[in-house]
Amino acid sequence: MSLDYLLDAAHWSGPDGFPHQILEHLRYTGLALLIAMVIALPLGVLIGHTGRGAGLAINLGNAGRALPTLGVLMLILAVTGVGLKPVIGALVVLAIPPLLTATYAGVSSVDRGVVDAARGVGLREPQIALGVEVPLALPVILGGVRSATLQVISTATIAAYVAQDGLGRYLFDGLAVRDYPRIVAGAVVLAVLAVVVDALLALLQRVVVSPGVRPRAGSRRRTALPQPER
Amino acid sequence: MSRTPRPRLVRRALLGATLAGALALTACGGSDSGSDSPFSSGSNDAGSITIGSANFPENELLMNIYAGALEAKGVKVETKPNIGSREIYLKAFEDGDIDLLPEYSGALLAYLSGKAGPPKDATSPEQVYDALQKVLPDGAQTLTQAAAEDKDTLTVTADTAKKYSLSSIEDLAPVAGQLTLGGPPEFRERQQGLVGLKSEYGLTFKSFKPLDAGGPLVISALKKGDVDVANVFSTDPTIATEGWVSLTDPKNLFSAQNIVPLIKKDAVTPQVTEALNAVSTALTTEKLTALMAKIVTDKQDPKTVAKDFLSENGLG
């Protein structure tokens, strides 16, 4: 039975066990997402708020999505050698487009009437961006974060190609020694991990998004804040 | 933006897709009655010989040489390069998807001997070849082996060799605990790998980095110092160009490794035997190393290099 490897208690401890590899996998994912967010979120807010460079952001985002992650990995590998750098670099490149486009789209779709009102009561531009636009755009931005997280968590398996750990170890090593139960175990753990992380992010989304802009209130919001004619 | 995005719907769809994927995966895993290989397709035309190769350049070169020599004799061939490690391509061979493979006598013997390990007294090319005959799978045979050898080696840079005064694998014993070893992923679990290095030489390295089989990853990792010791093939021209030191193997863990055609008995015809034996007769370690230099150093296409070799030796 192919689930033998997964269910064997011996594989759930030690330096080659699932807990260690899951933590490593999450470490690469978290590190790559953190770097990508530091780059993409401020940039997205800036572009969404000012409306400047929107074409550039969209095109950059689309071009970024077209980049094959394995290709980027190899490109960085040729410069840095094996290690964590090419992995994180490739994953950051993967995570930036969904974060950037979601942030830009969320911020720029905030009702102009609300922004004008904020300006009217005397808020300065940074206050408008961070205090009004970002909270209103939060559901969309967090949607981008979740989509980026899912992509990165599933692609972080490539770390194993350049001698790093993570759940990709089970896929690459299992294939090298033709141990299919091991491959299945790695794939199942990865799939479950992705679903669990996504569920946690969904929970986070509920907690941090202001009740007034929750998607549940979407219909009310549309009537309360009509889209401007363009 | 003409519509307010609806993340909830998107979220539902995403979650649904992920769950469906997970279910599909477990379903695949559960239904492996009989063959456990996802590759077995059983495409095997009568009268045509399918030649496979492992996932490293030299083996692909040998595959192309075999293919060219057979074609010159009017045999129809099909090639399947870059299949993977021995664990994978031998399974494809046993399943009948592959008829012919360029193999390495000692490594094949060690693999087919399984947990018991290869016979300790089989070290010379002839002894290894004879021992190999006893463990070949049903319906398989080997033809004449070449004088050419390509051994697995443990190789270090000149600096490392000097620093720890290393010339043989035995010299690693006092320092292995401080050194990182790089090799293909399968090296960790093979007798001719970490298992044998521990049982034969008592070596336990600080860590093992799974890279590739004598390919660009392992070569660049040794060059850049990401690993201290690397599993490099003896025919790799980089050893000479970088001035690296391949450690000798006094306990013959990596026994004789002559290049030998492994073939299905039902694919053997007089023409096939004649063509492949002529290749084996022509192939020496010097010639193979020179061919590898053309591929690795001069970046030539393995197919072109194979063609040149065949025409120079009057085989194609």
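Leu181(B) has Phe208(B) as its bridge partner in strand S7 of chain B. This is a predicted model, in which local features need pLDDT of at least 70, side-chain atom pairs count only at pLDDT 80 or more, and totals for chains, interfaces and linings use all residues. Residues are numbered from 1 along each chain as its sequence is written, chains are lettered from A and ligands numbered from 1 in the order in which they are written, and side-chain values use heavy atoms, without hydrogens and water.

**The sheet of chain B**

Strands (E, at least two residues) and helices (H or I, at least four) are DSSP runs, numbered from the N terminus. Strand S6 (residues 180-183) of chain B pairs with S7(B) in the parallel sense, over 4 bridges. Two strands pair if DSSP finds at least two bridges between them. The open sheet has 5 strands in the order S7-S6-S8-S5-S9 (chain B), and its pairing is mixed. Its edge strands, S7 (207-210) and S9 (245-246) of chain B, each pair on one side only. Helix H8 (residues 216-224) of chain B lies across S5 (152-156), S6 and S8 (229-233) of chain B. H8(B) runs at about 140° to S8(B).

**Helix pairs in chain A**

Two packed helices are described by the angle and the distance between their axes. Axes are lines fitted to C-alpha atoms, for helices over the stretch in contact, and angles run from 0 to 180 degrees between N-to-C directions. Contact means heavy atoms within 4.5 Å.

| Helix pair | Axes come within | Crossing angle |
|---|---|---|
| H6(A) (residues 112-120) and H7(A) (residues 125-155) | 10 Å | roughly 145° |
| H7(A) and H9(A) (residues 180-208) | 10 Å | roughly 165° |

H7(A) and H9(A) are therefore roughly antiparallel (over 145 degrees) to each other. Ala, Val, Leu, Ile, Met, Phe, Trp, Tyr, Cys and Pro count as nonpolar, Asp, Glu, Lys and Arg as charged, and the others, Gly among them, as polar.

The crossing of H6(A) and H7(A) is right-handed. Among the residues in contact are Val114(A) and Val115(A) in H6(A), and Ile128(A) and Val132(A) in H7(A). This contact has 6 nonpolar, no polar and 4 charged residues.

**Confidence**

pLDDT is the predictor's confidence in each residue, from 0 to 100. Chain A averages 88, and 92% of its residues score at least 70. Among the elements of chain A, helix H2 (residues 18-50) has the highest mean pLDDT (95) and helix H10 (residues 218-224) the lowest (48). Over residues 217-224 of chain A the pLDDT is below 50. Where pLDDT is low, the predicted coordinates should not be read in detail.

Definitions and conventions. A crossing is left-handed if the near helix is turned anticlockwise from the far one by less than a right angle, and right-handed if clockwise. Angles under 35 degrees count as roughly parallel, over 145 as roughly antiparallel, 65 to 115 as roughly perpendicular and the rest as oblique.
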